[in-house]
Amino acid sequence: MSGFPILSALSTADAAGLATFHQVADSALAFDGYAPFNEQALYDLQAGRRTAYLVRMNEIVVGASLGGSGEIDLVISPTYRRRGYGRTAAHELAQTEPDGVTAWSHGDHPAARALASELHFVAARTLLELRKPLLDEATASAPCTDEDISAFRVGIDEPEWVALNALVFAAHPEQGAITEADLAARQAESWFNADDFLILRNADGRMIGYNWLKVDGTIGEIYVVGVHPDAAGRGLGRVLMQAGLHRLADAGCTTASLYVEADSFGPVHLYRTLGFVDHTVDVQYRRLTD
């Protein structure tokens, strides 16, 4: 193939184009072992906050990308890698966003590091995926606490959870920004089960912590876990984690996974003491501004 790849934007009504976009992503996942676009990016695409592109070379789709909201994401289909398509597409994609744009490198691939340097991007965040085999949790007794752990109440708990989550993750650019509409989108997913959304309440019934689990096959995810800042230092994070691991094992999961910012030293330490180890590393790059 000769010439240069071009980006073609997809409208939200282009069902065939979006299907091709997801086919490219699925092929990369199968080849690389990790997804090229994170879940939040795909929710933003569905909500119209981001734009999907196909990377075409002489009408042949060789990759897929996302732009919008000051972020870019790009993946080249495994069949068409090592031909310079990613470099050319990345340069073009970077021009669609203003200065300060960010880009994720899922898997922290050396080629992505080199391209980031070429585009004058610097590493800004590191996200770890940790995993743990669920060996003894199914037979272990459930953790005990003076507080009450119960299931999320659909139609009742949404406002309180969104407020608590925003407080817990006030410094987190994605998790802390989740709205009730974002929560509703996740509740509509096939994997959502209110019984897997563990809520910790104090004696007055106030929500002070949570461990939201995502059970979708043999790998169960600690989707998001948090404790009210006023209740910190009492070991409630460990209690919630143990309750979640117990629940995942009971659901038939053989492995637990979670994502955590590498510089969140307290949570990372807790997860490692519970037996979690590194699985993948994602790096977010930010473009240098003048």
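Author: Happy to! Asp32 and Arg81 form a salt bridge, with their closest N and O atoms 2.9 Å apart; the term means a side-chain nitrogen of Lys or Arg within 4 Å of a carboxyl oxygen of Asp or Glu. Asp32 lies in helix H1 (residues 15-32) and Arg81 in the loop between strand E4 (71-76) and helix H3 (85-94), so this pair ties together parts 49 residues apart in sequence. Helices (H or I, at least four residues) and strands (E, at least two) are DSSP runs, numbered from the N terminus.

A word on the source: this is a predicted model, where local features need pLDDT of at least 70 and side-chain atom pairs count only at pLDDT 80 or more, while totals for chains, interfaces and linings use all residues. Residues are numbered from 1 along each chain as its sequence is written, and side-chain values use heavy atoms, leaving out hydrogens and water.

Asp32 is partly exposed, at 25% relative accessible area, and Arg81 is partly exposed at 27%; buried means under 20%, exposed over 50%, and partly exposed in between (1.4 Å probe, protein chains only).

Now to Arg50, which is buried at 3%. Arg50 forms a salt bridge with Asp73, the closest N and O atoms being 2.9 Å apart. That pair links Arg50, in the loop between H2 and E2, to Asp73 in strand E4, 23 residues apart. Asp73 is buried too, at 2%. Arg50 also forms a salt bridge with Glu71, at 3.5 Å between the closest N and O atoms, and Glu71 is buried at 17%.
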